Amino acid sequence: MQLFLLLLFINSFLTDSTQVNHTPEKESDITSDNLTLHYLVREPKIKSSKNKAIVLLHGVGSNEQDLFNLADHFSADSYVISARGPFSLGPGRFAWYNVDFSTGKPVIDAEQELSSREVISEFLAQLKQKYSLQEIYLGGFSQGAIMSYSIGLAHPKEVDGVIAFSGRILENVQSTITKNEELHRLRVFVAHGVQDGTLPIHYARQAKALLQNLGVPLTYHEYNMGHQINSEVMMDLDAWLKGE
């Protein structure tokens, strides 16, 4: 699926089944500074006492430019970094792992998902060193939200918060996470449309129940929308990031 933005209203759609079911080819290009993922960055426009970053992960079939279009809607004192998935689906189209929707529900390539999880973890460590970051919020849309959940729950020390736009928590992650003190400091923001036909709302509600059971500080919102992000989501996220 790919997310398109028009001013403050952002719509998305799922690519056709032949594209979604195509097995991705590993993308080998990296940035000129030798980080593990290609990315775009908006550096802070104003100085802050703490270097912080919003790191964004796109959905399947999209690329780093997609969520980077949201950069100006984030605080001017933060880095906004949008990364490209490591697997290529075709020109300008990337993924964090292959997913098959032909059965009516998503079936993932678990090996690719685990590989991407490891790559993202390394990427975050590289970003911390390169930009002297003291605070990182990892977020994404759809498959990017799934990866953000996986990193945050499996490695809560690596991020300060998770932003999940229209995502879900994978079953293999749910079965391995147990309550611990590190999760109690992990802030999570969830935004999901009740009319989502790609990842229906029950996925968000399952995530809510699990996160509450784990004692994760959770801000949860349902919206009258589909598989997308809109201006109301961005306003709620801005308030959350500011601690309001």
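Trainee: Which residue caps the N-terminal end of α3?

Mentor: This is a predicted model, in which local features need pLDDT of at least 70, side-chain atom pairs count only at pLDDT 80 or more, and totals for chains, interfaces and linings use all residues. Residues are numbered from 1 along each chain as its sequence is written, and side-chain values use heavy atoms, with hydrogens and water left out. At the N-terminal end of α3, a side-chain oxygen lies 3.2 Å from the backbone nitrogen of E111. The residue that supplies this oxygen is D109.

Trainee: What distance does α3 reach from its first C-alpha to its last?

Mentor: Helices are DSSP runs (H or I, at least four residues), numbered from the N terminus. Helix α3 covers residues 110-131, 22 residues.

Trainee: Is Q143 buried or exposed?

Mentor: Q143 lies in helix α4, residues 143-154. Buried means under 20% relative accessible area, exposed over 50%, partly exposed in between, with a 1.4 Å probe and protein chains only. At 3% relative accessibility, Q143 is therefore buried.

Trainee: Which residues does G144 touch, not counting residues up to four places away in sequence?

Mentor: G144 also lies in helix α4, and its relative accessibility is 0%, so it counts as buried. Its C-alpha is 7.7 Å from that of V60, 84 residues apart along the chain. Contact means heavy atoms within 4.5 Å. By that cut-off, G144 touches L57, H58, G59, W96 and G139.

Note on methods. Helix = DSSP H or I, 4+ residues; strand = E, 2+ residues; numbered from the N terminus. Expected span 1.5 Å × (residues − 1). Polar contact = N/O pair within 3.5 Å; in protein donor to acceptor, adjacent residues only side chain to side chain.
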